[in-house]
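I opened this one to see how the chain is put together and what sits on its surface. Here are my notes, in the order I looked things up.

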Amino acid sequence: MRVKIQKNNQFTSAQRTWKRHFYLLIMLFTRFAPSPTGYLHRGHLLSALFVFAAADLFSAKVRLRIEDHDQSRARKEYIDSIPEDLERFGFKFESVSLQSN
């Protein structure tokens, strides 16, 4: 669809309606996907900061997806500590899932 922009960025009524409905239909999501092979460290927190900042900028929701594909090093205590640690630092996510599920 080709949108013709009027002078001074004025949209026609039909274009404003289309734009409003288009934005209502889109829900943006991003994910933070640490591997539970140890406790969170500074690198994880820096990565989470970038993900949550981008999500905030684009009004997206963040899903926590724990990448537990390395079963030999992944431990239950690490899996349980990841959401707790992120919440302690103020990061809020929509859902938590495991890759193995």
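**Ground rules.** I am working with a predicted model, where local features need pLDDT of at least 70, side-chain atom pairs count only at pLDDT 80 or more, and totals for chains, interfaces and linings use all residues. Residues are numbered from 1 along each chain as its sequence is written, and side-chain values use heavy atoms, with hydrogens and water left out.

**Whole chain.** I counted three helices and three strands, taken as DSSP runs numbered from the N terminus (helices H or I, at least four residues; strands E, at least two). Read from the N terminus, their order is α-β-α-β-α-β. I then looked at contacts (heavy atoms within 4.5 Å): of those between residues at least 6 apart in sequence, 72% join residues at least 24 apart. Of the 101 residues, 26% are buried, where buried means under 20% relative accessible area, exposed over 50% and partly exposed in between (1.4 Å probe, protein chains only). The accessible surface comes to about 7800 Å², with 54% of it on carbon and sulfur atoms; the areas are Shrake-Rupley values with a 1.4 Å probe, and for residues only the protein chains shown count as cover.

**Helix H3.** I found 13 residues here, 76-88, reaching 19 Å from first C-alpha to last, close to the expected 18 Å; that expectation is 1.5 Å times one less than the number of residues. Where does H3 bend? I see about 25 degrees at Ile82, with Pro83 following within four residues; the bend is the angle between axes fitted to the seven residues ending there and the seven starting there. Ile82 and Pro83 are among the buried residues of H3, as are Tyr78, Ile79, Ser81, Asp85 and Leu86. Their cover includes strands S1 (29-32), S2 (61-66) and S3 (95-98), along with helix H2 (42-57). Just after H3, I noted Gly90 with a positive phi of about 95 degrees.

**Surface.** I picked out a nonpolar patch of Leu28, Leu57 and Phe58, with about 340 Å² of accessible area together. Patch members have over 30% relative accessible area and no salt bridge; nonpolar side chains (Val, Leu, Ile, Met, Phe, Trp, Tyr) are joined within 5 Å, like charges within 9 Å. A salt bridge here puts a side-chain nitrogen of Lys or Arg within 4 Å of a carboxyl oxygen of Asp or Glu. Leu57 belongs to helix H2 and counts as exposed because its relative accessibility is 65%.
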